[in-house]
2 protein chains.
Amino acid sequence: VSDTSATSTTSAERLRDPRALARVLSVIEDGSPQLPTLMNELAPLAGNARVIGLTGAPGAGKSTITDALTAAFRARGARVAVLAVDPTSPFTGGALLGDRVRMQRHATDPDVFIRSMASRGHLGGLSAAAPQAIRALDAAGFAVILVETVGVGQAEVEVAGMADTTVVLAVPGMGDSVQAAKAGLLEVADVLVVNKADRPDAQHTVRDLRAMIALAPWSEGWKPPVETTVATTGEGIDELVRQLDRHWDWLASSGERDRRRVARARDEILAMAVGAATRRLASSPRLAELAAQVAAGTLGPYEAAADLASV
Amino acid sequence: VSDTSATSTTSAERLRDPRALARVLSVIEDGSPQLPTLMNELAPLAGNARVIGLTGAPGAGKSTITDALTAAFRARGARVAVLAVDPTSPFTGGALLGDRVRMQRHATDPDVFIRSMASRGHLGGLSAAAPQAIRALDAAGFAVILVETVGVGQAEVEVAGMADTTVVLAVPGMGDSVQAAKAGLLEVADVLVVNKADRPDAQHTVRDLRAMIALAPWSEGWKPPVETTVATTGEGIDELVRQLDRHWDWLASSGERDRRRVARARDEILAMAVGAATRRLASSPRLAELAAQVAAGTLGPYEAAADLASV
């Protein structure tokens, strides 16, 4: 893909071609040289999509909920994009793609675009690549963008938190370690969902989550509701969509929507600038000398870091 | 804790007092102002310990294996430190500490030191905090340092890979998503352990892992063995220790031990320098203006990042 062909795909019209859009997303994943030009061109086209993040532990039913929400928004006539962000890249490749099998009922719908994404060569990692992918899907005219991540690490929690509305999925009867991870996820939750709510201990989990929310310092004016679903049968999906709409309206009326978008841009710019700084520092020929001295115990690591930064 | 009291705890003799050592580790976690001085003082005292990393998915039996290895090295008379690195900090706090209940048989042994660690305020996160904690434990005279992490994200895999020898734990009958994560873990494995090997599908997992190892491009001269254990009964622990010793000898004879220690110092210095750059960029008053323009679509994110870096 040459510079010319990549930039020629960036008009909103061209991005309606799924193959052109897929090429743009590959450019983002790979951190290809034409990416800066591409992003600068896409910037004015974006800003219209509603971005909904979904996260939760493995096995919480994220793809089933994503599938159900895709169907619900399609029923209203909205074009829907699904971005499944793969945290363990570059190793896993096909893992989340495998989950996408469940989404096959949307595979023939030209108004649904589904993409798994890693951050293969992207400077700044997922924290920089994900907002750029969202920008591309937004510029391509999708009214709803569902961003699905596995909530296993801080980076993934951050990616989920890039959305206008973040949905955190829990499952009844989680063990202690998962409860702990959930505590990290709770910080970014706008709407909580206890999926697999037909299990006997579902109400216990709902009570636990409500108790945690009661204790936490949430942003003024919005208290995350706790919904129950059985995604495989569709139970609770209508009510979940109603809560998502309620949050979307609150974002607009409170001014929080604009505030979050500026915060998202801030994080993106910072991730990029840090990525560039990292590349510069890592490629310094001085680093090897300093490492040998620190390993030998003849230089403190802070002195070494200060030396490296000053080169 | 004032500068004076912290630095007065840094002689090797003083660090034999567990309370003094605990204070030093808190200084590392918190990224307190006296940390650079402290690290520069500890640097010449370190370099003698044998560092063994243990990682694997939640539920793989890491703490049980850690407990068994602690007992095995204690039986040889070695002083043993256990560092349990908590990836989901600052949210989880007590989670891994809870697991430490299993280690209680060593709680009254003055030659075993156990510590859970987050990276609360540390500039550079776990990637910088973990090697500093290892340095402190090393300087305190522990012959063996077991570094236990949950293998859920890239940062944790990196922490496990900081060791001289990295042990990756697998469990029979993992699902697809765990298999995928395992693929990331395999890259850092020196020794693989299939724990809970009394389960019927254990040999299947062993075969899977051996097949993956056969395909992977391992470092010359060392092919990761796949061991089976039932950590709760101690089955297979002697053979695991034998493999760890074999790897330790190979590290010395091949020159790989020094190479790894220099690489570890390199990563540590880089994480610190990047942490400092991140703090500088994040605190720039220009960032808010740039974020507003990118959010409004009037400026591309790459132009904004370049602008930020140039301030």
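Two strands pair if DSSP finds at least two bridges between them. Strands (E, at least two residues) are DSSP runs, numbered from the N terminus.

## Basis

This is a predicted model, where local features need pLDDT of at least 70, side-chain atom pairs count only at pLDDT 80 or more, and totals for chains, interfaces and linings use all residues. Residues are numbered from 1 along each chain as its sequence is written, chains are lettered from A and ligands numbered from 1 in the order in which they are written, and side-chain values use heavy atoms, with hydrogens and water left out.

## Strand β6 of chain B

β6(B) pairs with strand β7 (residues 226-228) of chain B over three bridges, in the parallel sense. Here Val193(B) stands opposite Glu227(B). β6(B) is also joined to strand β5 (residues 165-170) of chain B by four bridges, again running parallel. Val194(B) is the bridge partner of Ala170(B).

β6(B) covers residues 191-194. Val191(B) and Val193(B) point one way, Leu192(B) and Val194(B) the other. All are buried, meaning under 20% relative accessible area with a 1.4 Å probe, protein chains only.

## The sheet in chain A

Strands of a sheet pair through backbone hydrogen bonds, either parallel or antiparallel. In chain A, an open sheet of seven strands runs β3-β2-β4-β1-β5-β6-β7, with parallel pairing. Its edge strands are β3 (112-117) and β7 (226-228), each pairing on one side only. The twist averages 20° from one strand to the next; axes are lines fitted to C-alpha atoms, and angles run from 0 to 180 degrees between N-to-C directions.

Six bridges link β3(A) to strand β2 (residues 80-85) of chain A, in the parallel sense. Phe113(A) in β3(A) stands opposite Ala81(A).

Notes
Buried < 20%, exposed > 50% of the residue type's maximum accessible area, 1.4 Å probe, protein only.
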